[in-house]
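I opened this model to look up a few pieces of its fold. My notes follow in the order in which I made them.

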2 protein chains.
Amino acid sequence: MHELRFQRAGFGFAVEARSSTCAARSATLDTPHGKVATPAFMPVGTKGTVKGVLPRDLREAGATIVLANTYHLHLRPGEDTIAELGGLHRVMAWDGPILTDSGGYQVFSLGHIAEVDDAGVDVRSVVDGSLVRLTPEGVIDIQRKLGADIAMAFDHCPADPTDRAGVARACQRTQSWLATCVERHREHGGEETGQALFGIVQGGVFADLRRASAESALAHDLAGYAIGGVSVGEERAHMIAAIDAAVPHLPIDRPRYLMGVGLPQDFFDAVERGIDLFDCVTPTRHARNHNAFTSQGRVNLRNTGWRHDARPLDPECTCIACREFSRGTLRHLCTSDEMLGAMLLTLHNLRFFHGLLARMRRAIEEDRLAALRNDVLAPMTRKLRPE
Amino acid sequence: MHELRFQRAGFGFAVEARSSTCAARSATLDTPHGKVATPAFMPVGTKGTVKGVLPRDLREAGATIVLANTYHLHLRPGEDTIAELGGLHRVMAWDGPILTDSGGYQVFSLGHIAEVDDAGVDVRSVVDGSLVRLTPEGVIDIQRKLGADIAMAFDHCPADPTDRAGVARACQRTQSWLATCVERHREHGGEETGQALFGIVQGGVFADLRRASAESALAHDLAGYAIGGVSVGEERAHMIAAIDAAVPHLPIDRPRYLMGVGLPQDFFDAVERGIDLFDCVTPTRHARNHNAFTSQGRVNLRNTGWRHDARPLDPECTCIACREFSRGTLRHLCTSDEMLGAMLLTLHNLRFFHGLLARMRRAIEEDRLAALRNDVLAPMTRKLRPE
């Protein structure tokens, strides 16, 4: 299995098991700050904190790698400040692996206040409205100072993955920017400095554009590759088309990261197609909106019907919210807008997401992923309502 | 030392050491849910949660007993709901001692929407504006259902402790309501049910009224006594006058609780005068406003000057905020309004308050309280500013 193992500088990726019926694989991603068993979900710590979670509890919830946002940290407190404070690991009080995105997705999501040209992007600061210039070189410089284990290349994420002309232009820029990013990354010392660079594949729903984007990225022989341009409000079928078009062209011995995804069903759809890494605000944002993912379905904790319910939120879960609190108490905390409500639901949802990915990994090892899919997703399609 | 020890049903109080120079004493308060070493500070869990703190972390911060608010829990989720959910210990996920206040202080603090008559109070709900009737009987019934270890009698807390006519009327009502509360508490089964009743002494700044109020309360031979009518915005000297007027008339073998206080200096002033228990929102509310208490003085974490400061908030503290985060990071979290900022400062401030009370207890045991006072309060008077 030599071709299923990659090792360079402090980084590695080793495929350990493969499904006999689909492209799913379990693997270990190696970074200077530790190993990540994949498939894995990365909680989002936008501004250097996964909202409402102490690092110790993040670890206890099952997180092994976290994501932070270059755009937000650049605005505040700034990469120089982060560096002075000891770097992102120290600031996040997280000694495990960290990945920083490049800001490409933020440029998309802030599209109304961003203008893209061939050399970079002008975008308004969400902090003070000032104009911020993001370029491929600059984004690599920022990420170098932040000091995450994995930096992402700066990409152009098109708003409409079905608009061929727009997607083609975005692919061109993404390809050209990647070359700039790779060069800048090398100037900084490359992977030897403890930071790997992942490339991003664009191409919307167009198989030929995805293929071309993947192949141009591959030319740089990077430590990992991401599929971008999904999670932009497109239909499910478009996301699946994007994965199907890109994955066959990505090397089997490098991690594949589907950016900004997603929900339990997405994890199965993507893992079956060979995806290893995910990130999304779903578990944390839903928690702050008082929605929980449970083994019995989705639960809206603001529902009056939970008021007298002394049962645990999810009888199959052993997180602190399920061990020590009842549905009735969680409802009280949520309707009273107590911080503790959002904190407990965040810990629960993270435990649910990390637990799900861990179960998927075991199922791949035991070659029974399809069976797990049915077990897990059937209740997921419903909302659990009080009796 | 027979007279320094009280034991009845599941409740007890044993004085273990006394200062040779002031009225300070260290003691152990015994409740059905465990012991409390005094002097002790009770964090405030208004709606059944100390804001932003997991129960496990509350324990780790040094809390041994917590307070919750009858008025707020009556409004939401309601005492019947709390009872159905297994009682307040279960709802708060706190298996240690709990004290519930009676709502008397809330009536004062909501004075603009409350009307007091001889039989009780009409007060507006802060949840929905509806009219709520609180009576001495009703408040005991509510607290019985909540199920705390210690219930407080319903008192009339006058807004101006220097208005003799108003204070005298409040004393009359407090005395009459206490008799009603004691009777109701006895009807419910008294201390044998696992809940003790503490009486409240009013009397403002008037020594004769404080004495009369204390003596009328003493007639009921209760498991503990509180000094109320302080922390209503009065001058420091008035608080001290209230303590001086009341304490000499309280039995030496029962805990003395100074309600709604306060700050480090208050703890020394009050403990030196024989107070055992305190509660206040100071550490938690200040934390949410991004103010910290440290061994080097008060710190406003929003101050720009902390931006690049990689040192711990308080080098003498071992809480998670001081162990794992820097001043610069805490400032970033606070100015970004991240939940984690308030969470960490809450844990730090609670650790500081509980640590201070524990040091005071040791100092009493070693008869060196005055020396500790000087050590602790000198830096407290200043605000720590960036260099």
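Entry 1. I started at B:Thr294 and found B:Gly297 of strand S17 opposite it. This is a predicted model, so I kept the confidence scores for a later entry. B:Thr294 belongs to strand S16 of chain B, residues 291-294. S17(B) covers residues 297-300, and the two strands pair in the antiparallel sense over four bridges. I then followed the chain from S16(B) to S17(B) and found a hairpin with two residues as the link.

Entry 2. I looked up the confidence. The complex has an ipTM of 0.97 and a pTM of 0.97 from the predictor. For chain A the average pLDDT is 96, and 99% of the residues score at least 70.

Entry 3. I moved to helix H13 of chain B, residues 327-335. How many of its residues are buried? I found nine of the nine, so the helix is largely enclosed by the rest of the structure. Among them are B:Arg327, B:Arg331 and B:His332, as well as B:Leu330 and B:Leu333. In chain A the partners are helix H2 (70-75) and helix H4 (88-92), and in chain B they are helix H12 (320-324) and helix H14 (339-365). Just after H13(B), I noted a positive phi of about 55 degrees at B:Asp337.

Entry 4. I turned to the sheet in chain A. Eight strands make up this open sheet, with parallel pairing, and I wrote down the order S5-S15-S14-S13-S12-S11-S7-S6. Which strands stand at the edges? They are S5 (40-43) and S6 (66-69); each has a single partner strand, so one side of each lacks a neighbour in the sheet. On average, neighbouring strands are turned by 25 degrees against each other, direction ignored.

Entry 5. S11(A), residues 150-152, runs parallel to S12(A), residues 196-201, and three bridges join them. A:Ala151 has A:Leu197 in S12(A) as its bridge partner.

Entry 6. I looked for helices on the sheet. Helix H6 of chain A, residues 136-146, lies across S7 (98-101), S11 and S12, at about 160 degrees to S11(A). Helix H14 of chain A, residues 339-365, touches S5 and S15 (277-280), and its direction makes about 155 degrees with that of S5(A).

Notes:
Residues are numbered from 1 along each chain as its sequence is written. Chains are lettered from A and ligands numbered from 1 in the order in which they are written. This is a predicted model: local features need pLDDT of at least 70, side-chain atom pairs count only at pLDDT 80 or more; totals for chains, interfaces and linings use all residues. Side-chain values use heavy atoms; hydrogens and water are left out. Buried means under 20% relative accessible area, exposed over 50%, partly exposed in between (1.4 Å probe, protein chains only). Two strands pair if DSSP finds at least two bridges between them. pLDDT is the predictor's confidence in each residue, from 0 to 100. Contact means heavy atoms within 4.5 Å. Axes are lines fitted to C-alpha atoms, for helices over the stretch in contact, and angles run from 0 to 180 degrees between N-to-C directions.
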